[in-house]
Amino acid sequence: MSEMATRQATRGSDPPSERTPAPAGRSRPATAPLALAAAVTTVWAALVSLIPTIIVVGFAYAVDSTGDPVAKVFRLGLAGWLLAHGVPIRTGLGPIGLTPLVMTAFAAWRVMRAGVHTARAVRARRARSVRRTLAAGCGVGVAYGIVGAATAAVARLPGMSVDPLRAAVTLGLFGLVAGLFGAANESRVLARAVRTLPAVVVDGIRTGLVALLLILGAGAGVAGTALALAGGDASQILEDYQTGVIGQAGLTLVCLLYGPTLAIWATSYLIGPGFAIGSGTSVTAAKVVLGPVPAAPALAGLPSESAGVWGPLLLGLPLAA
């Protein structure tokens, strides 16, 4: 009896998987169709990044609003969302192609998440399957290109339009790169590829990225200093609009969205090539040519003359980095 009790106690303490083995023919969880998974995750990513863009455009439009219908503001928001992906806007005064990089980074993050969720839907999570990873990334890219073409077709106003073909190609490539990165990270294909690289390549990439961040940080510091020194002019530009608090907040928000762009311009100034705005303004450390520029407070810090005696010190910042 003691032996029987011992056996029963031992049998009762075994894990359920050992006591009742799973049937050999047990079915695995169903895989979601790739087209459906990519469509749902990509459309959701587009909506999440589109809503803040429309809100920002609505605030900025309050600067000179004349009571136009909400549909116009909505179409302007769609055009601004496409501009954040690098799609230029055609207007009667010429094309607008200056990308707000803050919105670009936000959109890229959302598309990366779409790649992650698509990879999970097709059971590529930690599977290290190159085929499933490529399928998830390509699915997100195709869906994002279709969303871009549809958005460009709707974002039309008198005197403003966006090329649907250009939007489809640009957003398709954007979605492919960001979605593929997210899917590769989720499936561990990216980690496996990094482990196969030689140590000298990994060290070189890491060193290059650190140097890049240091130079961009120096550019951001120079741009912030220049804008602070021209704070009076920036305040005057903001006051000249004679708009309410909402309009001023919208204009300030738009300037903040272009903050990374100003940092990149200042970095190019420090490195040597400089930058250009439109067709009549070019700025380098050795020569400054100012033409008509947009009346934006953030551009009040543009230099009016060459660096002069400060040139060697400024150009030494990238060397220090």
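**Exercise 1. Determine which residues of α5 are buried, and which elements they pack against.**

Solution. The coordinates come from a predicted model. Step one is to list the buried positions: M103, T104, A107, A108, R110, V111, A114, G115, V116, T118 and A119 are the buried residues of α5. Step two is to find their partners: these buried residues pack against α3 (34-61), α4 (70-84), α6 (130-154), α7 (164-186) and α11 (245-257).

**Exercise 2. Compare the span of α5 with the expected value, and state what phi R123 takes just after the helix.**

Solution. α5 covers residues 101-121, which is 21 residues. At 1.5 Å a residue, the expected span is 30 Å. From its first C-alpha to its last, α5 reaches 30 Å, close to that expectation. Just after α5, R123 takes a positive phi of about 60°.

**Exercise 3. Describe the packing of α5 and α6 by angle, distance, handedness and contacts.**

Solution. Two packed helices are described by the angle between their axes and the distance between the axes. For α5 and α6 the angle is about 130° and the axes are 9 Å apart. The two helices are therefore oblique to each other. Their crossing is right-handed. On the α5 side, the contact is made by A107, V111, A114, G115, T118 and A119; on the α6 side, A136, V140 and Y144 make it.

**Exercise 4. Carry out the corresponding analysis for α5 and α7.**

Solution. The axes of α5 and α7 come within 7 Å and cross at roughly 50°. That angle makes α5 oblique to α7. The crossing is right-handed. From α5, the contact involves T104, A107, A108, V111, M112, G115, V116, A119 and R120. From α7, the contributors are F174, G175, A178, G179, F181, G182, A183 and E186.

**Exercise 5. Identify the residues with the most contacts inside the largest nonpolar core, and list the contacts of W81.**

Solution. The largest nonpolar core has 27 residues, and W81, L82 and Y144 have the most contacts inside it. The elements that give two or more residues to this core are α3, α4, α5, α6 and α7. Of these, α4 gives the most, with five residues. Leaving aside neighbours within four places in sequence, W81 is in contact with A46, S49, L50, T53, Y144, V147, T151 and L171. Another core lies apart from this one; it has 16 residues, among them C255, L262, A285 and L299.

Definitions and conventions. Residues numbered from 1 in each chain as written. Predicted model: local features only at pLDDT ≥ 70, side-chain atom pairs only at ≥ 80, totals over all residues. Heavy atoms only, no water. Helix = DSSP H or I, 4+ residues; strand = E, 2+ residues; numbered from the N terminus. Expected span 1.5 Å × (residues − 1). Buried < 20%, exposed > 50% of the residue type's maximum accessible area, 1.4 Å probe, protein only. Contact = heavy atoms within 4.5 Å. Core = buried A, V, L, I, M, F, W, Y, C linked by side-chain atoms within 4.5 Å. Axes fitted to C-alpha atoms, helices over the stretch in contact; angles between N-to-C directions. Parallel < 35°, antiparallel > 145°, perpendicular 65-115°, else oblique. Left-handed = near helix turned anticlockwise from the far one by under 90°.
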